[in-house]
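Try each task before reading its solution.

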Amino acid sequence: MTTPIQMTPPQASKKPVPPAQKEDAMLLQKEMINRNYHELATAHDRGKKVAATFVPGNLNELVMCFDFARSLPETNALQNGMRKKSGKMIMDAERDGHSEDVCTYVKADLGMMLGGEVGPTGEPLPRPDLLLLSYTGCFTFMKWFELIRQKYNCETTMLHVPYQGDGKISQNMRDYVVKQIKENVIPSLERVSGVKFDIDRLRQYMKESAKAEDDLVQVLQSAKKRPSPIDGYFGAVYYIGPIFTAFRGTTEATQYYDVLRREIEQRVREGKGPITPEGEMAEEKYRLVVEGPPNWTHFREFWKMFYDEGAVVVTSTYAKVGGVYDFGFRHDPDHPIESLAEYCLGCYTNLNLPQRIDMICKYIDEYQADGLLINSIKSCNSFSAGQLLILREVEKRTGKPAAFIESDLVDPRYFSPANIKNRLESYFQMIKQKRTVAAGAVH
Amino acid sequence: MSQTVQQIMERCQALFDDLNFTSVKEWKAAVPGRKAIGFMPVYVPREIIHAAGMLPVGIMGGGDQLEVIQGDAYYQSYICRIPRSTLELGLTGRLDCLDGMLFPSICDVIRNLSGMWQILFKDKYVRYFDVPQNYQDGVGGEYYIHEMQVLRDDIGRIAGKPITDDALRASIAVYNENRRAVQELYKYRATKPWQAPTSEVYLVLRAGMVLPVEEHTQLVRDYIAATDAVARPMRDNARIVLTGAFCEQPPLGLIKSIEMAGCYIVDDDFMLVMRMLFDDVVETGDPLDELSKSFLHRSMQTSSKYDEFKKDKGKYLLDSTKLNAGEGVIFAAPSFCDPALLERPMLQAVLNEHKIPYTAFKYAENTGQMAPIREQAGTFADSIKLWSAA
């Protein structure tokens, strides 16, 4: 079932934007995210402490054990990007001395603070009582919280998650993360919150996480069907919203993923394609795997370039940035701390380049994709450095065509619609041509 | 007969200019079976490589003389230059003399380059070398000791024999001597910057990236002796600390331009691998444990390392400026260098608090236009002199 809703019209466009259609689960997740912003806005009035932490490698279940309200700066930045607010914030941060070369998530966040600490929904965003720097797969996170700490002078706890340089998680890496959680993170959370750690509470949250993760995987893997009932990139950002942020481990999230899974199963039964902002996609012409985060400032315009051409993204690496669940990992209530360590170590951007290439090749095979599209993000070296080699290797190994476009996360100055559209159209032509050649070879 | 400054500099310049790493090849050829391991900035415990009888070789990018063709094909325009030129060196066979490459944890670009190297140079030993961001002996220390042990085992395998504790202790002693020599050079320059221009000091340090450490220690001491023997004119230059150049190196012309513009560089963060550990590593006891303790408790503050407390931010820079009688700070960061550029506003805030003047610019290792930098540095030096006169 779908319901039309009114999206905020883009500032840059003069034309009125028709109401976007969304699945019920998409609406539900929006409601959850908005509610979290309200909870954050009122947290201090309600006597609650606020923890800020990052999406990849977040310890949401653990943080909930201490009754913290949870703020995720990347989510704040992307929400501001989608609401067309980030451009000014970035420029404000640059005027305040931050380089034009660095991550725009960071600058959007710092710009938001300069602008009076008002969150994406218009409600105030409270100053965090604790910066939980769970530092997975991105060096910028470390600098980001050092920058916030310098401004707010709040307590910061570091969880250093080593990178999988050798393409595996060693026992030493696991022990290091576990030890930090036990000896540094939990004592800090206890000290700042005044709440004593209860491991059974953690186990309970993790049981919920595992259920939601099962459902999420079923939803994401439904795209192996033809036609795919979902878009595994543009649509998936709605699906991953709750589990990658403040909701993993809550019963709300479990319910959300149950509703979502049922909705998608129904679509599969009915043989329907994905829901786009302009309704159900009529014909699935191209099946793509996408590597790299989306652009948020022109999200709908970007998506439209795909669905107008009948292109569906069957799976994406970005949908694994807050946890790679489709190869079997689940939060394990029987080994809660070890499982949190394993989760942090396994996030997508913590994988080395050969692992990322293996994963993409596997996706192309399992999802019967026509090829790989890389959306290279100026802000994000963690994703972007090495992507041109990924492209070559994937083409070489799969024989499927790959293409490369460039944009940014939340800086509208780096979204060039004409260039991107041009490249996408050429890419679709290339896929078509390859198909014709392949069909010719068969006959 | 002792060498003159000119002779020493000619040798260092030749080593610096040689993008074919001839000295490394010659060192290997001198004794059959010798091996060399490359490493990128910022820090690896070179003692482990040395203890295996191998030559650690610092790969600092391709500089401004290398035409990057293949390397550019692997990177978007918004990625810094050092990974491109390093790939170019590798893809053109210039690094064939290396039997392995270490990629220390410094930023996402170098981190990902380790994976690229695994794919592109399948016959070479490649390791991403992580250092702890947790500085407790029982937590980060244990992790780090284990990581060093893995490196020690790997290098021992490549060498064909395990690295003993005694060999490691001996290497620690050799590197302690080198650290002392480099510190002497830095102290000498801070005391008499007109006697040891940074354009020379830099080349002396760069020689240490390719020479055996014992030879480099001697070279540093020879340079100090040679330059001290001949008085040079003292100028009324501004004394500045240069920071941000810890990974991709500025072209030598840029260092010269800063000096020509009226600045004496009295401290910098070039090639931190030589000064990362502040003082001697204990030469007795468990060698990996001692290397770990030095890194955790007595090592340089730099952007790729986490500062545990807010009060620590900028402490090294501030202390160095005061200790070396610095009158200002130049932030010289490579374009698109996340660690340096994200760190910069925090360091600038600390300098503001202490009323220390600064200026900032970006460069790439192949920056060719020095006039704007000379003008900026000159204006900065003039303003320091004017302000201090007032």
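Two strands count as paired if DSSP finds at least two bridges between them. Keep that cut-off handy for the first exercise, and bear in mind that this is a predicted model.

**Exercise 1.** Work out which strands of chain A pair with E5(A), and in which sense.

Solution. 
- Start with strand E3 (residues 50–53) of chain A: E3 and E5(A) pair in the parallel sense, over 3 bridges. Here A:Ala51 sits opposite A:Leu130 of E5(A).
- Now take strand E6 (residues 155–160) of chain A, which pairs with E5(A) over 6 bridges, again in the parallel sense. A:Leu130 stands opposite A:Glu155 in E6(A).
- To get from E5(A) to E6(A), the chain passes through helix H6 (residues 140–152) of chain A, and this β-α-β crossover is right-handed.

**Exercise 2.** Decide how covered E5(A) is, and sort its residues by the way they point.

Solution. 
- Strand E5 (residues 130–135) of chain A is mostly covered, with 6 of its 6 residues buried.
- A:Leu130, A:Leu132 and A:Ser134 point one way from the strand, while A:Leu131, A:Leu133 and A:Tyr135 point the other way.

**Exercise 3.** Classify the packing of H8(B) and H10(B) by angle, and list the residues in contact.

Solution. 
- Helix H8 (residues 198–207) and helix H10 (residues 252–260) of chain B pack at about 150 degrees, their axes 9 Å apart.
- Angles over 145 degrees count as roughly antiparallel, so H8(B) is roughly antiparallel to H10(B).
- H8(B) brings B:Thr198, B:Ser199 and B:Tyr202 to the contact, and H10(B) brings B:Leu252, B:Ile255, B:Lys256 and B:Glu259.

**Exercise 4.** Find which element of chain B gives the largest share of the side that touches chain A.

Solution. 
- The contact takes 44 residues from chain B and 42 residues from chain A.
- On the chain B side, helix H5 (108–120), strand E4 (125–129), helix H6 (137–159) and helix H13 (338–353) each supply at least two residues.
- The largest share, 10 residues, comes from H13(B).

Note on methods: Residues numbered from 1 in each chain as written. Chains lettered and ligands numbered in written order. Predicted model: local features only at pLDDT ≥ 70, side-chain atom pairs only at ≥ 80, totals over all residues. Buried ≥ 20, exposed ≤ 12 C-beta atoms within 10 Å, placed from the backbone. Helix = DSSP H or I, 4+ residues; strand = E, 2+ residues; numbered from the N terminus. Right-handed = clockwise from strand over helix to strand, strands pointing away. Axes fitted to C-alpha atoms, helices over the stretch in contact; angles between N-to-C directions. Parallel < 35°, antiparallel > 145°, perpendicular 65-115°, else oblique. Contact = placed C-beta atoms within 7 Å.
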